[in-house]
Every structure is written in C-alpha cells, then in structure tokens.
Amino acid sequence: DELSEKEQHLVQTAIKATEHSYSPYSHFAVGAALLLENGNEVMGANQENAAYPSGLCAERVALFYAGHQYPDMPVVALAIAAATNGRQVESISPCGACRQVLLEAEQRYGKPMKVLLCGTKEVVVAESAESLLPLCFGAKDLK
Ligand code: THU
C-alpha cells in the first residue's frame, strides 16, 4: 500500500516479465522491470546458455536494453520478481555483478534508482542502488 500507483504497476510488470525468462538449466525465472523518468517501462528476464557464464541476469538484460533504446533517460525505479514452475517465489535480491551495473546507471543519470524486491505478500524497498553496494568502485575511481 505504501507504493505509488506507478510502482505498483512496475511490480506487476516484473512479475509478468518472469514469463519471458529463458532458464532451461536453473528453472529459476527472474523478471525485471524498469521505470524510466519519461514514464515508460522496460522489461527484462534472465537468459541462460548451455555455456553457463554466457547467460545474463534479468536486471542486466533490462538495463542494457534501456541503455540502448533510451540512452539519455534516467531509470528511476527497478522491480525484481522471481518464479519457479510458473509460481512467484519470495523476494530475491540482485547479484553482485548486477548491483555494479545498477550503480553505473544510477551514477550515469545522477538520479537515485529505487529498487523494489517483490515478494508474494510484501515488497522490500531499497532507496538507491548505492545503498546495495557499500564501499563501491565506480566512475569516480577512474578520474
Ligand atoms: N538471476 C537473475 O536473473 N537475477 C538475479 O538477481 C539472481 C539470479 C538468474 C541467473 C540465472 O539465470 C538464474 O537466476 C539462477 O541463478
């Protein structure tokens, strides 16, 4: 109830995105949904590969797609949901590599990205990508 209407919609979009997962190896379907500053939503789902490390998490599929399709559009929120056997499971948190990519988008656009971890009954909220990655390495370190 504490989420805005747009955020509630984003949660539903992330749940729907799990249906587009290609996960024949883990059978763990992850969906991600981004809310852009212009109000558009972008979806992503994990895409696995027989050569396991060649696959990609849902969050990075969505963020890299948005980076290409909407290059200068800040990402203001990201919702993540997961399912097994077509049923939503409890909230999951992004892996370390995805956190680094979330951080880059947040710093690139200079806007906090709210992260919504969607469970079946509640949504865990992090106010920014940086809050998920303390003592982070970022663009500032290359200046
Ligand atoms: N996965 C994601 O897509 N996002 C996460 O935040 C955690 C893990 C995927 C990677 C792999 O396809 C499957 O879930 C099992 O690890």
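This is a predicted model: local features need pLDDT of at least 70, side-chain atom pairs count only at pLDDT 80 or more; totals for chains, interfaces and linings use all residues.
**Stop 1: the largest pocket.** Select Asp-1, Leu-3, Lys-121, Glu-122 and Val-123, which lie closest to the centre of the largest pocket among its 15 lining residues. The volume here is about 270 Å³. Now colour helix H1 (5-17) and strand E6 (123-126), the elements that each give two or more residues to this lining. H1 supplies the largest share, with 4 residues. If you colour the lining by class, you will find 5 nonpolar, 5 polar and 5 charged residues.

**Stop 2: the second largest pocket.** Move on to the second largest pocket, with a volume of about 210 Å³. To centre your view, pick Asn-46, Glu-48, Gly-55, Leu-56 and Cys-57, the closest to its centre of the 16 residues in the lining. By class, that lining has 9 nonpolar, 5 polar and 2 charged residues.

**Stop 3: the ligand.** Stay where you are, for the ligand takes up the space of this second largest pocket. Show the residues around the ligand, including Ser-26, Phe-28, Val-30, Ile-92, Ser-93, Pro-94 and Cys-95. The whole shell divides into 7 nonpolar, 3 polar and 2 charged residues.

Next comes Glu-59, where a polar side-chain atom is 2.6 Å from an oxygen of the ligand. Then select Asn-46, whose side chain has an N or O atom 2.9 Å from a ligand oxygen.

Conventions:
Residues are numbered from 1 along each chain as its sequence is written. Side-chain values use heavy atoms; hydrogens and water are left out. On a 1 Å grid over the protein atoms alone, a cavity is a set of points where a 1.4 Å probe fits but cannot get out, and a pocket is an open set with protein on both sides within 12 Å along at least five of seven lines; lining residues have an atom within 4 Å of a point. Grid points are joined across faces, edges and corners, and a volume is the space filled by probe spheres set on the points. Ala, Val, Leu, Ile, Met, Phe, Trp, Tyr, Cys and Pro count as nonpolar, Asp, Glu, Lys and Arg as charged, and the others, Gly among them, as polar. A residue is near a molecule or strand if one of its heavy atoms lies within 4 Å of it. A polar contact is a pair of N or O atoms within 3.5 Å; within protein, one must be able to donate a hydrogen and the other to accept it, and residues adjacent in sequence count only if both atoms are side-chain atoms. A molecule sits in a cavity or pocket if more than half of its atoms lie within 2 Å of its grid points.
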